[in-house]
Amino acid sequence: MMHQRSENTIFLDDKINGLVDFDNSYRGILILDLAITMMWFCSRGKFDVDGAVIIYRAYDQIRRLTKKEKEYLFEAVHYVHICVALLCFYVFAVNYKGFTIKERGYY
C-alpha cells in the first residue's frame, strides 16, 4: 500500500489529482520527477513496487516516457533514494556538531 503524504498532494475523491512541490521544483530530467514521486509515496521501510507501478501508469496516461527514459527509470529511483539518504546524513552530521542548517548555508 502506498504511503500517502498529505503535504504537496492534491486529492479529489480520495484519489491523487496532482502534486505541487515548489521546494523541489526545477527544470531538468523529467524521470527524476517521477522517481522522486515514487520514492516519497512508495518508500516506507520496504519499497512498494505495486504502488510505484500505479504511479507510473498514472504518469504514463498523461505523458508517455521515451524508450530511453524507461531504460533509466530504475536507476533514477535508486539515485533519488541515495540523494535523500546522503542529505539526511548531512543534516544529522551538521546538527550533531551543533550547527543549524541555516548557519551552514543550506537554505
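1. Buried means under 20% relative accessible area, exposed over 50%, and partly exposed in between, with a 1.4 Å probe and protein chains only. At 17% relative accessibility, L32 therefore counts as buried. L32 is found in helix α1. L32 and E69 lie 37 residues apart in sequence, yet their C-alpha atoms are 9.7 Å apart in space.

2. A note on the basis. This is a predicted model, in which local features need pLDDT of at least 70, side-chain atom pairs count only at pLDDT 80 or more, and totals for chains, interfaces and linings use all residues. Residues are numbered from 1 along each chain as its sequence is written, and side-chain values use heavy atoms, with hydrogens and water left out.

3. Overall layout. The protein chain has three helices and four strands. Helices (H or I, at least four residues) and strands (E, at least two) are DSSP runs, numbered from the N terminus. Along the sequence the pattern reads β-β-α-β-β-α-α. Of the 107 residues in the protein chain, 23% are buried. Contact here means heavy atoms within 4.5 Å. Among contacts with a separation of 6 or more, 47% join residues 24 or more positions apart.

4. Helix α1. This helix covers residues 30–42. Its 13 residues reach 18 Å from first C-alpha to last, close to the 18 Å expected at 1.5 Å a residue. The expected span is 1.5 Å times one less than the number of residues. α1 is mostly covered, with ten of its 13 residues buried. These are I31, L32, L34, A35, I36, T37, M38, M39, F41 and C42.

5. Helix α2. Residues 49–62 form this helix. α2 has 14 residues and reaches 20 Å from its first C-alpha to its last, close to the 20 Å expected at 1.5 Å a residue. Its buried residues are G51, A52, I55 and D60. Their cover includes α1 and β4 (46–47).

6. The α1–α2 packing. The two axes come within 9 Å and cross at roughly 145°. Axes are lines fitted to C-alpha atoms, for helices over the stretch in contact, and angles run from 0 to 180 degrees between N-to-C directions. α1 passes α2 in a right-handed crossing. A crossing is right-handed if the near helix is turned clockwise from the far one by less than a right angle, and left-handed if anticlockwise. From α1, the contact uses L30, L34, T37, M38, F41 and C42; from α2, it uses G51, A52, I55, Y56 and Y59. By class, that gives nine nonpolar, two polar and no charged residues. Ala, Val, Leu, Ile, Met, Phe, Trp, Tyr, Cys and Pro count as nonpolar, Asp, Glu, Lys and Arg as charged, and the others, Gly among them, as polar.

7. G51 in α2. G51 is found in helix α2 and is buried, with a relative accessible area of 2%. G51 and F41 are ten residues apart in sequence and 7.7 Å apart in space, C-alpha to C-alpha.

8. The core. A nonpolar core is a set of buried Ala, Val, Leu, Ile, Met, Phe, Trp, Tyr and Cys residues joined through side-chain atoms within 4.5 Å. The largest one has 16 residues, of which L34, M38, I55, L73 and V80 touch the most other members. α1, α2 and α3 (67–96) each supply at least two residues. The largest share, nine residues, comes from α1.

9. L73. Leaving aside neighbours within four places in sequence, L73 contacts I31, L34, M38, Y56 and L65.
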